[in-house]
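Please keep the sequence and the model in view while reading.

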Amino acid sequence: MSHRPVARPPHGELAIVLHTHMPYVEGFGTWPFGEEWLWEALATCYLPLLELLETGAPLTVSLTPVLCDQLEAPGVGERFARFVSDTRRYTHAEDAGGLRVGGHETLAREVERAWGDYERALEDFGRRGGDLLGAFVPYAQWTSSATHAVLPLLATEAGLRTQVQSGVESHRARFGAGWRGGFWLPECAHAPHLEPTLAEAGVHATCVELTGRLGLGAPAHLRPLRGAAGVVLVPVDRATVALVWSEAGYPAHGHYRDYHRHTVHHHQPWANDGGAYDHARALALARAHAADFVARTGERLRRDGAGLPGGALAVCALDTELLGHWWYEGLAWLTAVVQECARQGLPLVRLDDALERHEPAPVEEEWGASTWGQGGDLSTWSGPPVADLAFATRAAELDVVRAGPRVGVAAVRELLALQASDWAFMVSRDLAVPYARERFAAHRLGVERALAAGPDADTSAVRNLAVHADRAALLAP
């Protein structure tokens, strides 16, 4: 598949941004919550995505430092291989056998077919020498904060600087000097006071969610902005994203595989319509939905981009794990989108390249904090169900900053682990709540113990998390 650079046409272009993130679960629990989330994402999402990227698909890939920490952790490759070759081979065989005994032959055959996904992933992993992080080197354009913290909720400038600079430095250490300044704000959580710190760390551009301010489908979503500190703020076009990621989006169609209904060992041989899953039928639908997505995006650009200086830029930002893991056919859809863009003449471009062609409009007035969470605000991570987590996190940050020169790397890394957005998100959304609260409590205790032990406190409790973090950003004047 060939993807040649294209000149920008009068109506504009599309950038698809894939935000790739996993909370630090490596070594922290197994079934039903823990590192098996990572193994599943490797098999069903990250390895298949690499196959698409290797065709030259012009996608913008953001890898969070905390995901990279896990991909390079000692022993990860061996444990992933055992999970697939032993655990998943066994569970597919067990569930297929149970369904067959129960008289559900069609469902049994589907479970057996799905085992092939894992078998191919294991072969692909072996072909890459088990180095998945190395395989992403040519494609990892954007980074993020060290542990996916909701940055507007941090209590101090020192804490903010530590999250941002640690994330940037880890990206440079792993992927070289070619970083062009793209930085994913975790949860798209933006506030104007963040921008000077971002600019100081070398951030050139980030994505923001402004639907609540601009209105769904407003043409203003199709032009980047420039904040007072010089950082380019690129609105996520919710009208485009919602075609995929919404209650009525493509993945909800009855022909697609039902993620929520599963067998004893969490395999999914049913479709959303309640019948047996038909893979060929679902793939045909994914291709049709890809054609629809490209046609509707092109029409939006033509309709709403004509009056914009220099044409329009539609940014469709998605969690990478939606594709292949949550939405089983998602990567087949994305592959077809790349093909349909070429067929329908819609330029698909990497966001860094597009920003060289689209002059940002100045931000004329500041707005408050915004996210792509519930209600477009910070409540998912600070509202009543998780207020105790939010206050405890800020208190821990103040304790670490107050320790000054007495703080050690262990306390910094435990604080970074505590600040991850994932724990509050899981509690707010009622997803694996006991696991999330257990992890949060353990890291809160880890901060206290590391502060008590002083600068030489042991770091082994946080495994490979935030290995590029140090005290410098925290202690800077």
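In what order do the five strands of the open sheet lie, and is their pairing parallel or antiparallel? The order is 4-3-2-1-8, and the pairing is parallel. This is read from a predicted model.

**Strands**

Strand 8 runs parallel to strand 1 (residues 12-20), and eight bridges join the two. Within this pairing, Val17 has Ala317 in strand 8 as its bridge partner.

Strand 5 (residues 205-208) is covered on both faces: Ala205 and Cys207 are buried on one side, Thr206 and Val208 on the other. Four bridges connect strand 5 with strand 7 (residues 232-235), and the two run parallel. Opposite Cys207 stands Val234 of strand 7.

**Nonpolar cores**

The largest nonpolar core holds 131 residues, and Leu59, Phe293, Trp333 and Leu351 have the most contacts inside it. Helix 1 (residues 36-53) supplies the largest share of this core, 12 residues. Another core lies apart from it, with 21 residues, including Phe183, Leu198, Ala201 and Leu210.

Beyond its neighbours within four places in sequence, Phe293 is in contact with Leu14, Thr240, Leu243, Val244, Tyr250, Cys316, Trp333 and Val337.

**Aromatic side chains**

Phe293 also belongs to an aromatic cluster with Tyr250, Tyr256, Trp327 and Trp333. The whole structure has 14 aromatic pairs; two of them are tabulated here.

| Pair | Arrangement | Centre to centre | Angle between planes |
|---|---|---|---|
| Trp245 and Trp372 | edge-to-face | 5.4 Å | 75° |
| Trp327 and Trp333 | tilted | 5.5 Å | 40° |

Trp245 and Trp372 are 127 residues apart and link distant parts of the chain. Trp245 lies in the loop between helix 9 (238-241) and helix 10 (279-304), while Trp372 lies in the loop between strand 9 (361-362) and helix 13 (379-382). Trp245 counts as partly exposed because its relative accessibility is 31%, whereas Trp372 counts as buried at 16%. In the tilted pair, Trp327 is buried with a relative accessible area of 1%, and Trp333 is buried with 0%.

Glu397 lies in helix 14 (residues 387-403).

Terms used: Residues numbered from 1 in each chain as written. Predicted model: local features only at pLDDT ≥ 70, side-chain atom pairs only at ≥ 80, totals over all residues. Heavy atoms only, no water. Core = buried A, V, L, I, M, F, W, Y, C linked by side-chain atoms within 4.5 Å. Buried < 20%, exposed > 50% of the residue type's maximum accessible area, 1.4 Å probe, protein only. Contact = heavy atoms within 4.5 Å. Pairing = 2+ DSSP bridges. Phe/Tyr/Trp six-rings, centres within 6.5 Å; stacked < 30°, edge-to-face > 60°.
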